[in-house]
Amino acid sequence: MTRTLTRRRFIRISAAAASLGALSAGHPVRAEVAPVTWRGTMLGAVATMEIHGEDRSRAERLIALACAEARRLERLFSLYLDESALVALNRTGVLIDPAAEMVDLLSTSQHYSTLTGGLFDVTVQPLWELYANHFARDDADPAGPVATEIGAAVARVGSHRLSVSRDRIVMPKGMVITLNGIAQGYVTDKVVDLLRAHGVSHSLVDMGEARAIGARPDGRPWDVGIADPDIVGQTKTVLPIIDRAVSTSGGYGCQFDAKARFNHLFDPKSGGCALRYRSVTTVSRSATAADALSTAFSLMPEDEIRSLLPRVDVDRVHLIDEAGKPVELSA
């Protein structure tokens with residue numbers, strides 16, 4: 001039996017969708033203020049860029065540059081491109097003379113692992129493989145994998161055992177890395193850096209995570225929606241943001257079983273799945289931080305999240321608890 005597992009995030013970018021609708025509706029818009037919008041896929045997710053305040057031909061050239069940079073990074077970080085650097089590392093256990101961005105991202109991942117007491121960990125891929133293979137079987141036990149299988153997978157997890165340097169990256173035999181919990185944010189940040197370097201001051205970028213450059217040209221904030229965990233394609237609430245990134249993690253994005261007891265948000269210590277919240281949304285200056293910490297916070301009680309906020313680059317956290325009640329935590 002083949003199962004199609006969806007991505008873990010369903011962030012709806014209201015501003016981009018609204019702009020596309022306005023442009024396609026045939027309403028007259030002055031050429032010098034009309035946004036230039038791109039939509040495609042990046043790292044297995046729907047991706048968008050919306051640039052305001054630029055000459056159309058210049059904006060299109062900048063989008064082409066940004067897409068080329070994002071594709072270059074995708075060839076480093078993708079778990080699904082056969083020629084990617086990550087696939088090569090997982091296959092051989094070593095990368096000699098790795099790209100600077102791979103060193104940077106893995107070092108950053110280890111930093112967030114330390115900050116969260118190991119709850120963010122890029123080496124949880126053995127757990128994903130275990131649960132995906134278990135529930136792909138026609139005779140899958142609805143109680144999930146047995147304890148011995150989970151224990152064997154957990155024994156292969158632990159990013160502190162990665163050796164990361166500018167010369168080489170080495171990992172123990174049996175370890176497998178996934179960067180799906182941080183690479184989208186990192187690529188978003190790199191695209192934002194590129195656009196800023198070319199003078200862009202009003203843009204919304206989403207390479208799997210959303211980040212705004214400045215405000216809208218009229219000074220209003222961008223609207224980024226938090227998905228309703230119960231209704232695909234619906235928005236639970238909308239966050240106004242200026243110069244901030246937003247990331248949402250929720251078990252609803254990738255569930256292995258019909259009763260939604262098992263999902264892709266794994267506890268690296270126990271091998272269990274996150275069921276504490278329906279979704280966790282982080283707002284930060286950095287899409288990388290927002291991405292990694294929305295994952296880790298999915299495994300933490302509220303008091304631990306509150307105690308960590310002063311030490312991380314997160315302005316606020318929006319939780320939807322098990323009962324569907326929204327809770328906001330601020331730094």
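Colleague: Leaving aside its neighbours within four places in sequence, which residues count as contacts of F77?

Modeller: F77 is in contact with L43, L86, E101, M102, L105, L179, A183, Y186 and V187. Contact means heavy atoms within 4.5 Å. This is a predicted model, where local features need pLDDT of at least 70 and side-chain atom pairs need 80 or more, while totals for chains, interfaces and linings use all residues. Residues are numbered from 1 along each chain as its sequence is written, and side-chain values use heavy atoms, without hydrogens and water.

Colleague: What makes a set of residues a nonpolar core?

Modeller: The members are buried Ala, Val, Leu, Ile, Met, Phe, Trp, Tyr and Cys residues, joined through side-chain atoms within 4.5 Å. The largest such core has 69 residues. F77 is among those with the most contacts inside it, along with M49, M102, L179, L195, M207 and F297.

Colleague: Which helix gives the most to this core?

Modeller: Helix 2, residues 56-77, gives the most, with nine residues. Helices are DSSP runs of H or I, at least four residues long, and strands are runs of E, at least two long, numbered from the N terminus. The protein has nine helices and 13 strands.

Colleague: Which residues belong to the second core?

Modeller: That separate core has 14 residues, including L130, V154, V157 and C273. In soluble globular proteins, nonpolar side chains tend to be buried together.

Colleague: Why is L43 called buried?

Modeller: Buried means under 20% relative accessible area, exposed over 50%, and partly exposed in between (1.4 Å probe, protein chains only). L43 has 12%, so L43 counts as buried. L43 sits in the loop between strand 1 (36-42) and strand 2 (45-51). Its phi is positive, about 50°, although L43 is not a glycine.

Colleague: Is D97 buried or exposed, and how do you know?

Modeller: D97 has a relative accessible area of 62%, so D97 is exposed. D97 lies in the loop between strand 3 (94-96) and helix 4 (100-115). D97 is not a glycine, but has a positive phi of about 50°.

Colleague: How many of the residues in the protein are buried, as a percentage?

Modeller: Buried residues make up 55% of the 331.

Colleague: How do you know whether the radius of gyration agrees with a compact globule?

Modeller: The radius is taken over C-alpha atoms, and the globule rule is 2.2 Å times the number of residues to the power 0.38. For 331 residues, a compact globule would be near 20 Å; the protein has 20 Å, so the two agree. Along its principal axes, the C-alpha trace spans about 65 × 50 × 45 Å.
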